[in-house]
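Dear colleague,

I am passing on the structure we spoke about, and below it you will find notes on what came out of going through it. Please read them with the structure open beside you.

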Amino acid sequence: MPQTHASGQPYEDDAPEPAVAPAKAENTDALDSLLDEIDDSLQVNAEQFVRSFVQKGGQ
Amino acid sequence: MRICGIETEYGIADPARPQANPILMSSRLVEACRTWAGEHTARWDYGGEDPLQDQRGHRRARAQAHPDMLTDAPEFDGQAGGVSLRKRRGSWEDPAHLNAVLSNGARFYVDHAHPEYSGPEVTNARDAVLWDAAGDAIALAAARQYTETEGLPLALYKNNVDGKGASYGTHENFLIRRDVDFEQLATWLTPHLVTRQVMTGAGRVGLGQRGEHDGFQISQRADYMEAEVGLETTLRRPIINTRDEPHADRSQWRRLHVIIGDANCFEVPTLLKMGTTALVLSAIEAGDERLDSLVLADPVPAVHTVSHDLSLRASVPLASGESATALEIQRALLAICREYAADAADHTVLAHWERVLDALARDPFSAAKDVEWVAKLQLLGRLRERHATVHPDGTQELVEWADARLAALDLQWSRLGDGWAAKLLAAGQVTRLTDDSAVASAVARAPRDTRAAVRARLIALRPELVDAAGWSSVVIDRPTAHGELEVVHLDDPHASSHPVIDALASPRPTGAV
């Protein structure tokens, strides 16, 4: 029975999923400028893009 | 050192024409790949993927081969793969099943309604990462050629789901000893395949095969796993696939075909996917009974439990009656596998394995540069915060998981070339194990230490002699007295040379035609 990491868990019992971590200073700028670009792209066509992304099943 | 390889089925779309036929696009893409490769490409040898099954019925040992074929290999030792003759037939190719065998030993072809890159055989996880990255570069080069030739845009996606119910695979292959009991192997490997997703998952917006429920989960493929063991790959997909085509000596080897894994745009997950699984297989081959304590009580629900639990705190029941979290099971596997590290590449895998497990246990977001689902979740979380609704009382409501912007970010994440994962990498936010020059080299050249080197050598140096090539065969077309094609059998995936092909691939003597 593995019991190597029973402690030190980062979340409270009643939290179903992790909250977004506070952005670290080093990557804040990089992520922010990428998010700007994502915003520009997605404001226009997100719904249409999602609707039209249809693939055939594979293996 | 364990022979392994990765096959990737890419999503394919014409951004301007969503209704475009994916089989036709894939076929034209493979044609474009051939154009890009110039003369250095070969057709696929459908003559028999497993010569030891003797499906052609007329295989001869080297000793019985026509003397005409022996002249190029005076040093032939009688132990290497045999050579047989094959009658010439027409050279028709089914346009829906076009292939390009490339000078790096890989196969680029149409599989179902997707273009697929099957990387060359490699001996370790680091090389698997490198030739996987080479596959992305080749697919991108083919797409550029397609656009130039066809005058149409084309986008390729390295993911596994469309969010509408379709899934397509990224498969791993591992050579394992035939004498290992398969049922035992399935039982012992399953806990690893179920729990490794906390490190290797690519992340997915949507729960359920058709995204019936809103939310985010760790793995692309988890919800499509419906059986513990089985032969299928397109329906009722199993955690352990039983397909048995070794492409090698059947009496010695089995090729384990793993279909549960996600396509990864990050390199650390690819390294861990291949490297940790290879080490667990070594523990299984050694009959390490410590693996018994990790056997799962109910693997299929456990795949879903692990994938849907972003806190990494959920326990899954063990056959022993106890229970454990995915991280606990991974930590126990790491401890066992330390004893099976045999070379520097294995030690690299162990170091990353431990580092990533530590980070995930400390704070999953501290693993954002290494673990793809965490990086995707972080970016999605930031987007949800950016556009949160702020109520008059000051409380904040994040963007709902059902919002199309989140689904679009998820899908566009894996687009080759300009997807969000690629942009995150360019912004220095992703751990990279390869570099541009190594990838460029792996686009052009095969690994040196497997039979891929043999296959690739002739395609690189004397492509005009190659009629077709497969995993375990190269078919040679040259003027001979017997007038037939010569099939060189590459039965041993470890053999990086073959006297017949090495002789043919050596520089032409002065004055020879």
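Two residues are taken to be in contact when their C-beta atoms, placed from the backbone, lie within 7 Å. Please also keep in mind throughout that this is a predicted model.

Ala143(B) sits in helix 2 of chain B, which covers residues 125-150. A residue is called buried if 20 or more other C-beta atoms lie within 10 Å of its own, and Ala143(B), with 24 such atoms within 10 Å, is therefore buried. Glu267(B) is 124 residues from Ala143(B) along the chain, and the C-alpha atoms of the two are separated by 22 Å.

Next, the two chains. Chain A has 59 residues, of which 20% are buried, and there are one helix and zero strands in this chain. In the contact between the chains, 33 residues of chain A meet 57 residues of chain B. The side of chain A that touches chain B is made up, by class, of 19 nonpolar, 11 polar and three charged residues.

Within chain B, two helix pairs deserve a look, and both involve helix 7 (residues 326-337). The axes of helix 5 (residues 267-285) of chain B and helix 7 of chain B come within 10 Å and cross at roughly 65 degrees, and the crossing is left-handed. On the helix 5 side the contact is formed by Leu279(B), Val280(B) and Ala283(B), which meet Leu333(B), Ile336(B) and Cys337(B) in helix 7 of chain B. Sorted by class, the residues of this contact are six nonpolar, no polar and no charged.

How are helix 7 of chain B and helix 8 of chain B oriented to each other? Their axes come within 11 Å and cross at roughly 155 degrees, helix 8 being residues 344-362. Since angles over 145 degrees count as roughly antiparallel, helix 7 and helix 8 of chain B are therefore roughly antiparallel to each other. This crossing, too, is left-handed. Here Leu327(B), Gln330(B), Arg331(B) and Leu334(B) in helix 7 of chain B meet Trp353(B), Glu354(B), Leu357(B), Leu360(B) and Ala361(B) in helix 8 of chain B. By class, the contact between these two helices has six nonpolar, one polar and two charged residues.

Finally, a point about backbone angles. Most residues other than glycine have a negative phi. His112(B), although not a glycine, has a positive phi of about 55 degrees, and His247(B) likewise has a positive phi, near 50 degrees. His112(B) is in the loop between strand 6 (107-111) and strand 7 (114-118) of chain B, while His247(B) lies in the loop between strand 13 (237-241) and strand 14 (253-258) of chain B. His112(B), with 18 other C-beta atoms within 10 Å, is partly exposed, whereas His247(B), with 24 C-beta neighbours inside 10 Å, counts as buried.

Conventions
Residues numbered from 1 in each chain as written. Chains lettered and ligands numbered in written order. Predicted model: local features only at pLDDT ≥ 70, side-chain atom pairs only at ≥ 80, totals over all residues. Nonpolar A, V, L, I, M, F, W, Y, C, P; charged D, E, K, R; others polar. Axes fitted to C-alpha atoms, helices over the stretch in contact; angles between N-to-C directions. Helix = DSSP H or I, 4+ residues; strand = E, 2+ residues; numbered from the N terminus. Left-handed = near helix turned anticlockwise from the far one by under 90°. Parallel < 35°, antiparallel > 145°, perpendicular 65-115°, else oblique. Buried ≥ 20, exposed ≤ 12 C-beta atoms within 10 Å, placed from the backbone.
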